[in-house]
Amino acid sequence: MARGRFITFEGGEGTGKSTQVARLVDRLRAGGREVIRTREPGGSHGGEAIRELVVRGSADRWSARTELLLMFAARSDHLERTILPALEAGHWVVCDRFADSSRAYQGLAGGAETAFVEALDRHVVGRNQPDLTLVFDLPTEVGLERALARAQEDTRFESKGIAFHQALRQAFQAIVETHPERCRLIDATGSVDEVEARVWAAVETLAP
Ligand code: TMP
């Protein structure tokens, strides 16, 4: 049984990522693939329990370092219980956010040291890196406006202010430059169909 492919979607708030995750999953399934759609933080019982701790409450509820540990604890459970069993069974896994969100939110924009982030990544993710990471890029004000318009309860990260979100956009752009073999920057402006075409062009480059 050939191992499945692991695709992650990344980017700031309100970039339209989740809509595109749904479109890609539908398209892959229509092509006959077995696909698991999942998300972080979350994607397993333990991961979803930790999600409750990190997406609610005041913006300063956790320090960047503590938040980073919570994210990687959630990720460890998610990998063990959901992602790795699926890949080993030959299924494709499409995940809404993964370790690059920790690099950007807690690391580059949040202030946790890069060496700490990368040490956790080596221990928790190790060789199980995504085959492809699509990083959605959109002017900060546009994304934040969309995110705030739909936000109801899970507003901890949306409430961090425009400077944080500008730093996030730059952080994601820097991550793409640092990992060119794995990451593609996706222009998230334009219609849903236009963005879908850009996503598909990137996914098609993955070997069957
Ligand atoms: P979502 O709104 O895309 O579901 O993600 C929940 C929030 O969690 C989002 O604001 C980004 C944040 N997040 C981090 O800060 N670090 C991480 O490692 C992950 C996976 C998400």
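**Entry 1: the ligand shell**

I started by sorting the shell around the ligand by class, and I got 5 nonpolar, 3 polar and 6 charged residues. My classes: Ala, Val, Leu, Ile, Met, Phe, Trp, Tyr, Cys and Pro are nonpolar, Asp, Glu, Lys and Arg are charged, and the others, Gly among them, are polar. A note before going on: this is a predicted model, where local features need pLDDT of at least 70, side-chain atom pairs count only at pLDDT 80 or more, and totals for chains, interfaces and linings use all residues. Residues are numbered from 1 along each chain as its sequence is written, and side-chain values use heavy atoms, with hydrogens and water left out.

Which residues are closest to the ligand? Of the 14 that surround it, they are Glu-13, Arg-51, Arg-97, Ser-102 and Gln-106. I count a residue as near if one of its heavy atoms lies within 4 Å of the molecule.

Next I looked up polar contacts, meaning pairs of N or O atoms within 3.5 Å; within protein, one must be able to donate a hydrogen and the other to accept it, and residues adjacent in sequence count only if both atoms are side-chain atoms. Arg-75 has a polar side-chain atom 3.0 Å from a ligand oxygen. For Arg-97, a side-chain N or O atom sits 2.7 Å from an oxygen of the ligand, and for Ser-102 I read 2.6 Å. Taken alone, the ligand exposes 470 Å², and the protein buries 90% of that; these areas come from the Shrake-Rupley method with a 1.4 Å probe, and for residues only the protein chains shown count as cover.

The most come from α4, with 4 residues. I take helices (H or I, at least four residues) and strands (E, at least two) as DSSP runs, numbered from the N terminus.

**Entry 2: the sheet**

I found an open sheet of 5 strands, paired in parallel, in the order β2-β3-β1-β4-β5. Two strands pair if DSSP finds at least two bridges between them. β2 (35-39) and β5 (183-187) are at the edges with a single partner strand each, so one side of each has no neighbour in the sheet. Neighbouring strands are turned by 20° against each other on average, direction ignored. My axes are lines fitted to C-alpha atoms, for helices over the stretch in contact, and angles run from 0 to 180 degrees between N-to-C directions.

I also checked β1 (residues 6-11) and β3 (residues 92-96), which run parallel and are joined by 4 bridges. Phe-9 has Asp-96 in β3 as its bridge partner. Helix α4 packs on the sheet, touching β1, β4 (132-137) and β5, at about 20° to β1. Contact here means heavy atoms within 4.5 Å. Helix α8 (residues 192-203) lies across β1, β3, β4 and β5, at about 155° to β4.

**Entry 3: loops**

Where is Arg-97? I found Arg-97 in the loop between β3 and α4, with a positive phi near 80° although the residue is not glycine.
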